[in-house]
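Work through the exercises below with the model open. Try each task before you read its solution.

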Amino acid sequence: MFKPAIPTLQKGTFHIAHWGCQMNVYDAMRLSDLMVSHGYVESSPENASVIILITCAVRAKAEDKVFNQILSWQHAGIVRDDTLIALGGCVGAELGQALIKENPRLNIVFSPRTAHRLPALIEKFKATGRNLVDVEAQGLEKFDFLPLESAPALSSFVTIMEGCSNKCTYCIVPYTRGPEISRPVKDILTEARHCLEHGAREIHLLGQNVNSFCGEDTDGTTASFASLLYEVAALPGIERLRFTTSNPMDFTDDIVTAIRDLEVIADHVHVPIQSGSNRILELMHRRYTRDAYLRLTDRLYAARDGISLSSDFIVGFPGENEQDFEDTLDIVRRVHFDQSFSFIYSKRPGTPAAALPDETPLEVKKERLYRLQELLDTSARECTEALVGSVQHCLVEGISRKDAGELKARASNNHVVVFEGSPELIGTMVKVRITESIAHTLRGEAVYED
C-alpha cells in the first residue's frame, strides 16, 4: 500500500480542472490527493503555480474546450509566464508530443495511466526547464501510488478497471487508456470501505465497460461483475450503489439478477445503444443487435419496478441513411429512455471509422440530431411527469443553488429533487413525495414517518 510522503514545506499551489467522463472526475480527485501528499496546496486558478487540466478525447468538442480554457486564462492574466501547465486525460495519451509542439504554453503532458508520476514530472521540469511528455505505463501501476486523503463525496466514485478492449470503430478510448484490465476485488473493497468510513453514503463503480470486469477475488478466483456487486453491496454503511458504463453485449443475466435482488442498487441503469440500426451497429463493431438490446431492456424493466434507463446515441455515423436513423427513433419509442445523451459523430484520427466514406451533409446530421433530441426530450418528460405523486428515496446533497431555503437531493432513479428542509438533512437519505415536474428538476415535500 502506498504511503504518501509527509510534506514539510509547501512546494507550491495547484488547481485542477477537468472535462469529460466520470473517470476523469475520479482521476482529478485522486490526483488532488497525490499533489497534497507531496506538499502542494490546492487553490483557485488565479493563485495556482501549477495548473492541471484533465480532458477527454472522445469528441473533438471536448478536446477543444481545454485549449480555449488556456487561452481564456492567458487573456485574463490567470496564466502567467511562470505558471506551469500540465495536461492529462485521454487527450494526452492520444496526441502526446504533438500537443507540446502545437501548444508551446504546455509544459507537461501525461496520460490516465501516468497520472501518479505528475509530482516527479513537475520537479523534473523545474530542474531542467524542458517540456516533458510521459504517457506510457503498465497495467494498474497508478493505483499503487494514488493516496486516499481528501474527504470523499457523499456519492464517491471508485474505478474498478482501466482501459477497454472492445475497439468500437468510432472510439479512441482503447488507444488512449489502453487494453482492459481489472483491479483486484480486495483493492476495490478497501477503497470503497475507506469512502464509506469517511462520510460517503453512495458508491459509484466506474469502468469503460464495467460488465466485463474480471478481477482477482479475495479467495484467488476470478470475480465477475455480478459477484462484485454483491460484495460491495455487503459493505457496512453503504446506502446506495451505482455503476457506469455498461456495454449491452456483456450485460449478462446474473447482473440483471443482482439488480433484482440487491435493493441497494440504484433505480437507474445507463446502457448505451449508440444506434438502433443493425447495419450501423455492425459497422460500429458493437457486437449486439437491436433485438438483443430490446430483450435486455425488457429484462431490466421486469427486474425492478420503477427502474430508469438512459442511453447514448451517435447520429450521422459514416454511411448512416434515413432508414438507419428511423431504426434509432423506433428504439427510442419502444424503450422510453430517461436522461439520455446524443451527439453527432466525431471523427477521431486513428480509429477504423475515420477511414469510412462519410457523404452525409452536416446539415442533414444536424437535422437528424434535432429530431432525435426532440423525441428523447418527449420521452424524458413523460418519464418525469409519471413520477408526480410517487415517493422517492433521495440522498440530500446540499443547498439548492436557486433557493437557499430549499435542499437539493438525488433520487435513486438519478433525478434531481428539490424540497424544503433543514440543512441538517444534508448527507442523509430522505423520502420525498414528488409534487411537481419542472424541466429537468422534480419538486417535492419530505415525508416524515412516525
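**Exercise 1: strand β4 and its partners**

Task: In which sense do β4 and β5 pair, and over how many bridges?

Solution. β4 and strand β5 (residues 108-110) pair in the parallel sense, over two bridges. Strands are DSSP runs (E, at least two residues; helices are H or I, at least four), numbered from the N terminus. Two strands pair if DSSP finds at least two bridges between them. Now turn to strand β3 (residues 50-55), which pairs with β4 in the parallel sense over six bridges. Here isoleucine 52 stands opposite alanine 86.

A note on the model: it is predicted, local features need pLDDT of at least 70, side-chain atom pairs count only at pLDDT 80 or more, and totals for chains, interfaces and linings use all residues. Residues are numbered from 1 along each chain as its sequence is written, and side-chain values use heavy atoms, with hydrogens and water left out.

**Exercise 2: covering of β4**

Solution. Sort them by direction. Leu84, Ala86 and Gly88 point one way. Ile85, Leu87 and Gly89 point the other way.

**Exercise 3: the open sheet**

Task: In what order do the three strands of the open sheet stand?

Solution. The order is β7-β10-β11, with parallel pairing. β7 and β11 (240-244) are at the edges with a single partner strand each, so one side of each has no neighbour in the sheet.

Technical notes
Buried means under 20% relative accessible area, exposed over 50%, partly exposed in between (1.4 Å probe, protein chains only).
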